[in-house]
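Student: I have a structure to go through. Can we check the labels against their cut-offs?

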Amino acid sequence: MNNQDIRDVLLKELDLVGIPPEAQNQVISKLGEIILKSLVVTIYEHLLPEARKEFDIISASGDQKQIQEFLEQNIPRVNELMEAEISKTINAFKDRGGNK
């Protein structure tokens, strides 16, 4: 799952399609940051200690394809894990009344 995938999920799940692009970007940016932090914590919890060091190096490169390949090799069902974490964050946002 890449940044565009996350953006698409947020647009759909939060029903942001009808609001101005500036407002969409603001909501997506703020929630995207929260989701990213949450994903990194979850990823670290599922990586072995030696793999964490390698993940740090790969993620510092910014190569999304390489990061995804690394995660797929080191975390079983990583996409399901990421989707669950994204859903959890979106639901928490909705529960706080953030989708009004």
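Tutor: This is a predicted model, where local features need pLDDT of at least 70, side-chain atom pairs count only at pLDDT 80 or more, and totals for chains, interfaces and linings use all residues. Residues are numbered from 1 along each chain as its sequence is written, and side-chain values use heavy atoms, with hydrogens and water left out.

Student: Why is Phe55 called buried?

Tutor: Buried means under 20% relative accessible area, exposed over 50%, partly exposed in between (1.4 Å probe, protein chains only). Phe55 has 6% relative accessibility, so Phe55 counts as buried.

Student: Why does Tyr44 count as partly exposed?

Tutor: Tyr44 has 25% relative accessibility, so the label is partly exposed.

Student: What makes Tyr44 and Phe55 an edge-to-face pair?

Tutor: Ring centres of Phe, Tyr and Trp (its six-membered ring) must lie within 6.5 Å; planes under 30 degrees apart count as stacked, over 60 as edge-to-face, the rest as tilted. For Tyr44 and Phe55 the centres are 5.8 Å apart and the planes at 85°, so the pair is edge-to-face. Tyr44 is in helix H2 and Phe55 in helix H3 (residues 49-61), 11 residues apart. Helices are DSSP runs (H or I, at least four residues), numbered from the N terminus.

Student: Which kind of aromatic pair do Phe55 and Phe70 form?

Tutor: Stacked: 6.1 Å centre to centre, 25° between the planes. This pair links Phe55 in helix H3 with Phe70 in helix H4, 15 residues apart.

Student: Why is Phe70 called buried?

Tutor: Phe70 has 4% relative accessibility, so Phe70 counts as buried. Ring pairs link Tyr44, Phe55 and Phe70 into a cluster.

Definitions and conventions. Helices (H or I, at least four residues) and strands (E, at least two) are DSSP runs, numbered from the N terminus.
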